[in-house]
Amino acid sequence: MTAQNNIRDLFNTTAFDNNGDKLGEVQEVFVDDHSGKPTFVEVKHGLFGMSSSLVPLKGHRLQGDDLQLAFDKDRIKDAPNVDADQGLTPEEQNRIFEHYGVGSAQDQTDYVADNRRDDRAGVVGGAATHRDENRTDVADRDRVADRDVADRDRVADRDNVAGDNSIIRSEEQLDVHKEQVQSGKARLRKYVVEDTETVEVPVTREEVRVERTPISEADAANFRGEIGEDEASVVLNEERVDVTKKTVPVEKVNLAKEQVTETERVTETLAKERIETDADIDRDRR
């Protein structure tokens, strides 16, 4: 036996995929026009919940504030974009069902309508959003009336009817936006390495050589005429290398940013409407 809940229980629940991965909050609930049962939910996902997708409730399970859907996260994120502000058309419903490959999955949860919301709850063709319970019935009726007018305008736009003898041709155009994201981080770091440095230093030393010169008249005059032992000496000097190390600043290094502009090519398929006529123009001219 399936559990029975109120449709408003779906609002403010957190959605999970069929593997238990968290998606985000339920933003909108879409109710079938004939059965009065919820058929789709709009689920937030992505960074900061900036994206959303429509997901069929086929095969879902509601447990407290957790809504477990019957599809995986990747398929939900790749769901077709549908402008559901005014509800879903049958063509849009078929696109969504085809994307999810909805088959014979059985729902585990049944719902009853909230009497306080029956005149306001949207159908597949109108979104049932969580609203303030304290608003007056008059304001609610005005919103329903506005929604009906918007639905009629949407049908007219969908049929591209501009008059009895003309139609409006439309096409898709690229709307490209840029966002600033962090792509990396740079930092400066000092570390120590050791190198061997060799320098050549000229050094001087004194060496002894023997010089022989003839006796001068002065040396002969001072000669004593004695034979014996004697000695003479000389002091030798030399330079020696003394090496010390000192730390000195050599350069200042800082990080600077500069902007580089590149051209990135974006390719997207755009739909364009073409107009043709089956009128026999040449026969009409004759």
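This is a predicted model: local features need pLDDT of at least 70, side-chain atom pairs count only at pLDDT 80 or more; totals for chains, interfaces and linings use all residues.
A polar atom of the Thr39 side chain lies 3.4 Å from the backbone oxygen of Lys37.

Strand β4 pairs with two strands, β3 and β5. With β3, which comprises residues 22-31, the pairing is antiparallel and runs over five bridges. Six residues separate the two strands of this hairpin, and within the hairpin Gly36 adopts a positive phi near 75°. The pairing of β4 with β5, residues 51-56, is likewise antiparallel and extends over six bridges. Glu42 of β4 takes part in the contacts of both pairings: Glu42 is the bridge partner of Glu28, and Glu42 also stands opposite Leu54 in β5.

The mean pLDDT is 78, and 75% of the residues reach 70 or more. Over residues 116-146, by contrast, the pLDDT is below 50, although this stretch has 60 contacts in the model beyond near neighbours in sequence. A further segment, residues 158-162, also stays under 50 in pLDDT, and for this segment the model has eight contacts beyond four places in sequence.

Note on methods
Residues are numbered from 1 along each chain as its sequence is written. Side-chain values use heavy atoms; hydrogens and water are left out. Two strands pair if DSSP finds at least two bridges between them. Helices (H or I, at least four residues) and strands (E, at least two) are DSSP runs, numbered from the N terminus. pLDDT is the predictor's confidence in each residue, from 0 to 100. Contact means heavy atoms within 4.5 Å. A polar contact is a pair of N or O atoms within 3.5 Å; within protein, one must be able to donate a hydrogen and the other to accept it, and residues adjacent in sequence count only if both atoms are side-chain atoms.
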